[in-house]
Amino acid sequence: MTWEELQARLRAGQDERTLFLPQDLSPEELARHAAGLANHKGGTLFLGVSPEGRVLGASEIHPLQITHALFQLTQGLLLPYVEGVEGPEGRVLVLHVPQSPSAIAVGAGRVPFWDGKRLTELKLGQALPEPDFTAQVLPAASLSDLDPVEVLRLRRILEERGSNLAALPDLELLFALGLLERVEGEERPTVAGLLLAGTPLALRRLLPQAEVSYYFHEAEEGYAFREDILRPIPALLERLRDLIQARNRVRYLTVGLFRLEVWDFDQEVYREALLNALVHRDWQSQDAIQVHHYPDRLEVSNPGGFPPGITPENVLRHPPKRRNPRLAEALYRLGYVERAGSGVDKMYRLLLKYGKEPPEYRLFPEALTLVLYNPELDEAFVRELAEAQERFGGFSLDHLIAVGHLRRVGEATLEELARALQLPEEAARRVLVRMERMGLLRREGGRYHLARKDPLAERLLALLDRPRPRRELEAPLGLSPREALALLNRLIREGRVERVGRGAATRYRRKG
């Protein structure tokens, strides 16, 4: 490591794979910190540096003293590569600590663990966190497996975001993103590095599971088009966007002075679905991600289920858990994902905003499928929702979920709405009380309904003083056959109208 590279690492600060320590530590304390890194993800320990990244110096210690002490104090389980780096501010010892496949103890039953902010100890019998495959360096991977064009693409992305990382030289940039590691003095790409900037040949040779298969279906049986894509993630996302957008319809709605674009599949929504599949998939599985594009839905399937503790019933509320932290951190710095794990919230909000259904999760033993539905556009509802949001200065996500659920089912109990909100009943009750006060809901006999102000629906209900066929409703309301059918179907879902008869004998009548 050069002095300039060391300075760049110190400016980046401590994180879950980087640790700064002063020289005046006991051998036992140094061993605990080094083992703490090894017990997490491995990383780099800079000895002779303050917590703020200021060089203090480590002039009196020889690298061999370090390796010998750590070997002895960890019963031969830890043997890092140690190098001395000297510059105008002094000398720093750099310990390159590999991730350990098993827990390393320092002292009787003491298993240290570095979490990026502090050194803690795992309890006796507590399992180590699952190793991050995307942080590993594959034995056959080398620096030549990275594509300079893709590295330039990453730099351009950072420049567009105004990130200071864009000013770093290539190697420093890749180290800062966690895409390179130094192994026995040689720079080599991590799995995350290959996924974000690998050459096509390297991906085919080392990570063939990085392929994504896109299918377009014009009907339920078979497919009309297929393309298998094996590219680094930024290029992969661009190609998938082009494929989906080429078959993606848009409709325009005017609400007041604004014009809304309502796509079959919103670009931000399916981008989040694709990123979730890439960030949370099991990268050690040899199976590929599959994208199935139907006119009425988009299905994204990836190997590996939810992380432990997360289910389809709590995915909206559960604190985020990352299966591949190294890849997720790099994508965060590049602006693709939010560190807070708000991708699911964003999908819910954008789907419900345009009258669509929440995402559906289908869990299988070794895979997960996310389904985005494209129901028939209810223009009246989208307009009414947009006007209500403008009137109240925007809705919370809870409001959108409750309104969307009641629109689909017509009426619901507190228990049913609590499940839809993924909240305890008491918390759901507070949400619903606020919505009643806002005039969005009404409660009758223990069941909640939308309190919709819809003059067109009221005119239709007035016409249904007796059962009528649809064609008798179109002219008085000034609606096309398609618009009249959409309005009738909505009122049926709300429980205000029912359909009787079949075929040419179909009639509609008001309920209650």
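Met347 is buried, with a relative accessible area of 0%; here buried means under 20% relative accessible area, exposed over 50% and partly exposed in between (1.4 Å probe, protein chains only). The model is a predicted one, in which local features need pLDDT of at least 70, side-chain atom pairs count only at pLDDT 80 or more, and totals for chains, interfaces and linings use all residues. Residues are numbered from 1 along each chain as its sequence is written, and side-chain values use heavy atoms, with hydrogens and water left out.

Met347 belongs to helix H11 (residues 343-353); helices (H or I, at least four residues) and strands (E, at least two) are DSSP runs, numbered from the N terminus. Setting aside neighbours within four places in sequence, Met347 is in contact with Val269, Glu272, Ala273, Asn276, Pro359, Tyr361, Leu370 and Leu372, where contact means heavy atoms within 4.5 Å. Pro358 is 11 residues away from Met347 along the chain, and their C-alpha atoms are separated by 7.7 Å.

Stepping back to the overall picture, the protein has 18 helices and 21 strands. Its C-alpha atoms fill a box of roughly 95 × 50 × 45 Å, taken along the principal axes. Of its 512 residues, 52% count as buried. Among contacts with a separation of 6 or more, 63% are between residues 24 or more positions apart.

Buried in H4 are Glu150, Val151, Leu154, Arg155, Ile157 and Leu158. These residues cover an arc of only 155 degrees around the axis, which puts them on the same side of H4; the arc is that of the directions from the helix axis to the C-beta atoms. An α-helix has 3.6 residues a turn, so residues three or four places apart point the same way. On the other side of H4, Pro148, Val149 and Glu160 are exposed. The partners of the buried residues are helix H5 (170-176), helix H6 (191-197), helix H8 (233-245) and helix H10 (325-333), against which they pack.

Both ends of H4 deserve a look. At its start, a side-chain oxygen of Asp147 reaches to within 2.9 Å of the backbone nitrogen of Val149. After H4 comes Gly162, whose phi is positive, near 70 degrees.

Turning to strands, an open sheet of three strands has the order E17-E19-E18, with antiparallel pairing; two strands pair if DSSP finds at least two bridges between them. Strand E17 (411-412) and strand E18 (441-444) stand at the edges, each with a single partner strand, so one side of each is left without a neighbour in the sheet. Helix H15 (residues 425-437) packs on this sheet, touching E18 and E19, and its direction makes about 110 degrees with that of E18; axes are lines fitted to C-alpha atoms, for helices over the stretch in contact, and angles run from 0 to 180 degrees between N-to-C directions. Two bridges link E17 and strand E19 (residues 447-450) in the antiparallel sense, and Tyr448 in E19 is the bridge partner of Ala412. Strands of a sheet pair through backbone hydrogen bonds, either parallel or antiparallel.

Another strand, E14 (residues 297-303), contains Ser301. This serine is buried, with a relative accessible area of 17%. The side chains of Ser301 and Thr369 are joined by a polar contact of 2.7 Å; a polar contact is a pair of N or O atoms within 3.5 Å, and within protein one must be able to donate a hydrogen and the other to accept it, while residues adjacent in sequence count only if both atoms are side-chain atoms.

Leu78 and Ala34 are 44 residues apart in sequence and 8.3 Å apart in space, C-alpha to C-alpha.
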